[in-house]
Amino acid sequence: MANVSVAAEWQLLYNRYYRKPELYPMRWKHVDLARHKVAAAPFGGPVAVIRDDSKIVQLHAESALRKLRLFNSAGHPLADAVWRHPGGRLIGMSWTDDLTLVCVVQDGTIYRYDLHAQLVEPNISMGKECFEQNVADCAFWGNGVVCITEQNQLFCIPDFRNPKPVPLADPMIEEPPRCIAVIEPQYTMSGNVEVLLGVADDPVVLVVEEDGVQRLGEGLLRGPLQKMVVSRDGKWLASFTHDGRLLVTTSDLTGIIIERECESSLPPEQIAWCGMDAVLLYWDDMLLMMGPDGDPVHYLYDEPIILIPECDGVRILSNTSMEFLQRVPDSTVSIFTIGSTSPAALLYDALDHFDRRSAKADENLRLIKPSLPEAVEACVDASGHEFDVSRQRTLLRAASYGQAFCSNFQRDRIQEMCKILRVLNAVRNPEIGIPLSIQQYKLLSPSVLIGRLINAHRHLLALRISEYLGMNQEVVIMHWACSKITASLSIPDATLLDILLDKLKLCKGISYAAVAAHADKNGRRKLAAMLVDHEPRSSKQVPLLLSIGEEDTALMKATESGDIDLVYLVLFHIWQKRQSLEFFGTIQARPLARDLFITYARCYKHEYLKDFFLSTGQLQDVAFLLWKESWEFVKNPMASKGSPLHGPRIKLIEKAQSLFSETKEHVFESKAAEEHAKLLRIQHELEVTTKQAIFVDSSISDTIRTCIVLGNHRAAMRVKTEFKVSEKRWYWLKVFALATIKDWVALEKFSKEKRPPIGYRPFVEACIEADEKAEAIKYIPKLADPRERAESYARIGLVKEAADAASQAKDGELLGRLKLTFAQNAAASSIFDTLRDRLSFPGAS
């Protein structure tokens, strides 16, 4: 049979067994919980202790100055700090999910401490109202707090990661509430915290939210509640009534689950859920555990205790010990219950017989052969719930023994449990003092446990666990490196660098830049520069080099990486910090940086680009920029109608021309700029005199044509003379300009001034385009080429004249084209056919 001494330690609550093993004898000295305020973190977390300033206590050999002291769960000291904060009495303190100790004082100021008793800045204020009214009480949950003032106003901080106080609805009560509890936001329909208030002399519970107040429990409660606590999942409310009853209801107080008489009508000092199956009530010397049915279980204490709820039980902290009260797991019950004949119990006994070389071992195995997999699983599961290492080992040996005869059991189940237990046993060591149960470990997760270890500066253990579980070790090594830098201010940079590199190289891909940033933050810029040199990723290396003032190195690394974004990052940084000439000298030596700067400045920073080109002697590039800037004036809607903006624009072009003239390679550009400025000046004058914004930025030809159209022949002639417009071009422009305004008299007079250098065809074309056939007839006979005469007559519809001209040309192909032109005119077609036939005979004239 199984070892009966194990079950002898259990207590039966109705039909469930509970056990209360001692986890640690407390190692602290001179700590009396009755004289102190205490805050203990769940998941085997640390314990904070400070002398209670609301009590009159006798000082023995201790200082009158209060100290905030931090211990692990075994009472091993972690850190301490002298409490010197103003703001009045300490109202309450608690640990957040990330193990930050939150302390609320009377004026609504919240002070925060880390695991090393270092004050976390900045302090948080609950607001002006709390400061004026004083905080009377507070209630905490994972990452939030609710405070009630002496005037019964409620304020909360839903999340310390975003510490903004939020006022809740006014509960409209005159007397302070008898008790307060909270339903966490994750368990409410609204997603906001709900505060439960037990009101004095009123058989209801007030539920206070941001938007309003509800009265719950009317008709259900027979009197006011003295104490209450919400279950871990937010579904149930356990309360102690005014007449000494334990009442368990739904959290919305719509139904009673349990109602039982207690042994005292005095309200308990503490009330807590033990898992989801029982409720603990603590009076001065007695701890009472009550379940749905059956007699309650009594535990007597001759010293004060603190109840620390966990997901699967309650840790009980006293002056001398840390205990863990939990329901005995079903697998453990099946093995160790007195008289148990379950397959798991028989397998456990079989191992004992096997060790004593008894044939009874084989008999037990034969009895449980069909249920052997379940028996092995029960032994494995029970081992995980044990805190005693020798019992863990025995249970795992029993499972391994049974597995040897079980072909269909999952082979890696025992190995997996061994891994978990090795981790749990390592952190349960009194020096570490984290007494996690296996259920707590799974809920917390290994990664969070690693985080807690490194925050407690247990880096070696964290590294060993990470390595053992196959997890990423970078987080551990990074934190160790940063902590080493902080704690090694007296070690020379070169020596400390060797120490750091020796560990950092253990993890491939680790961010040297992050460690270097921490070194720089601690004032060790030289060490930071040496560390960042080992960072292989330019994207992390370059920004840090800039932050520590290594701009030249950052530019070199960025250009070597070829990452344009990084190069621009460095360029803009140096640009803002250095004088222009120094900046230009820096980028001139690096072609990529120089080209990127030019590309950017060409679009957005012309002045800087001009300065850069001037500093490097690139005068022609400055000239091109000036010329481009002159065109920007065109976009200004005011740059018309004789606007003075044309003056600066012309000066820019002239300046560009001057720069172009200093280089032999840009003679054409120099001449073009000169003529452009001259043209703009003339066009500007024309716009002033005509009061019409039609000249600027038009071509020389358009300017001449516009002048003629406006009748300003003198101005047209001036432009012709200034820009040496050829006679042929002048004639073309004037002919079509006169035709545009239909000044046929002037056109005819112009044609007779002298023989046109372009001939008379432009005259004909201009008249035809203006649809003036009569005017065109004046010039067609003057065309020297009979082919041109024939085509011109054809265009204005004169068949006979076209035919005569075509016959003079003696061109059959021309006759064919003309026939097609008059295809719909039968008579005309006949004339052209006759002429073509005549040309087909030799000697025909």
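## Talking through the calls in this model

Modeller: Let's start with N152, which sits in the loop linking β13 (144–149) and β14 (154–157). Keep in mind that this is a predicted model.

Biologist: Okay, N152 is in a loop. What makes N152 count as buried?

Modeller: Its relative accessibility is 4%. The cut-off for buried is under 20%, so N152 falls on the buried side. N152 also has a positive phi, near 65°, and it isn't a glycine.

Biologist: H457 has a positive phi too, about 65°. Why is H457 called partly exposed?

Modeller: H457 comes out at 42%. Buried needs under 20% and exposed needs over 50%, so 42% lands in between and H457 is partly exposed. You'll find H457 in the loop between α10 (446–455) and α11 (459–469).

Biologist: Now the threonines. How do you know that T241 is buried?

Modeller: T241 has a relative accessible area of 2%, and with the limit at under 20%, T241 is therefore buried. T241 belongs to strand β21 (residues 236–241). Beyond its sequence neighbours up to four places away, T241 touches P224, L225, Q226 and L247.

Biologist: What makes the link between T241 and D243 a polar contact?

Modeller: The side chains of T241 and D243 are joined at 2.4 Å. A polar contact needs N or O atoms within 3.5 Å, one able to donate a hydrogen and the other to accept it, so this 2.4 Å pair passes on distance.

Biologist: And why does T250 count as buried?

Modeller: T250 is at 16%. That is under 20%, so T250 is buried as well. T250 is part of strand β22 (residues 245–250). Its side chain reaches the backbone nitrogen of T254 at 3.1 Å. Setting aside neighbours within four places, T250 contacts K235, W236, L237, G255 and I257.

Biologist: On to the helices. Why is helix α29 described as mostly covered?

Modeller: Seven of the nine residues of α29 (residues 761–769) are buried. Those residues are P762, F763, V764, E765, A766, C767 and I768. The cover over them includes α27 (727–740), α28 (744–753), α30 (773–779) and α31 (786–795). Just after α29, D771 takes a positive phi of about 60°.

Biologist: How do α13 and α15 cross?

Modeller: Their axes come within 10 Å and cross at roughly 35°, and the crossing is right-handed. On the α13 side the meeting residues are D493, A494, L496, L497, L500, L501 and L504, while α15 brings K526, L527, M530 and L531. By class, that contact has nine nonpolar, no polar and two charged residues.

Biologist: Which residues have the most contacts inside the largest nonpolar core?

Modeller: L347, L449, L453, L500, L504 and L531, in a core of 87 residues. L449, for one, touches V423, V427, I434, L436, Y441 and L444, leaving out residues up to four places away. Apart from that core lies another one, of 39 residues, including I700, A737, L738 and L783. In soluble globular proteins, nonpolar side chains tend to be buried together.

Biologist: What makes the bond from E121 to P122 cis?

Modeller: Its omega is near -5°. P122 is in strand β11 (residues 119–125).

Biologist: How many of the chain's residues count as buried?

Modeller: Of 845 residues, 51% are buried. The chain has 34 helices and 30 strands.

Key. Residues numbered from 1 in each chain as written. Predicted model: local features only at pLDDT ≥ 70, side-chain atom pairs only at ≥ 80, totals over all residues. Heavy atoms only, no water. Core = buried A, V, L, I, M, F, W, Y, C linked by side-chain atoms within 4.5 Å. Buried < 20%, exposed > 50% of the residue type's maximum accessible area, 1.4 Å probe, protein only. Contact = heavy atoms within 4.5 Å. Helix = DSSP H or I, 4+ residues; strand = E, 2+ residues; numbered from the N terminus. Axes fitted to C-alpha atoms, helices over the stretch in contact; angles between N-to-C directions. Left-handed = near helix turned anticlockwise from the far one by under 90°. Nonpolar A, V, L, I, M, F, W, Y, C, P; charged D, E, K, R; others polar.
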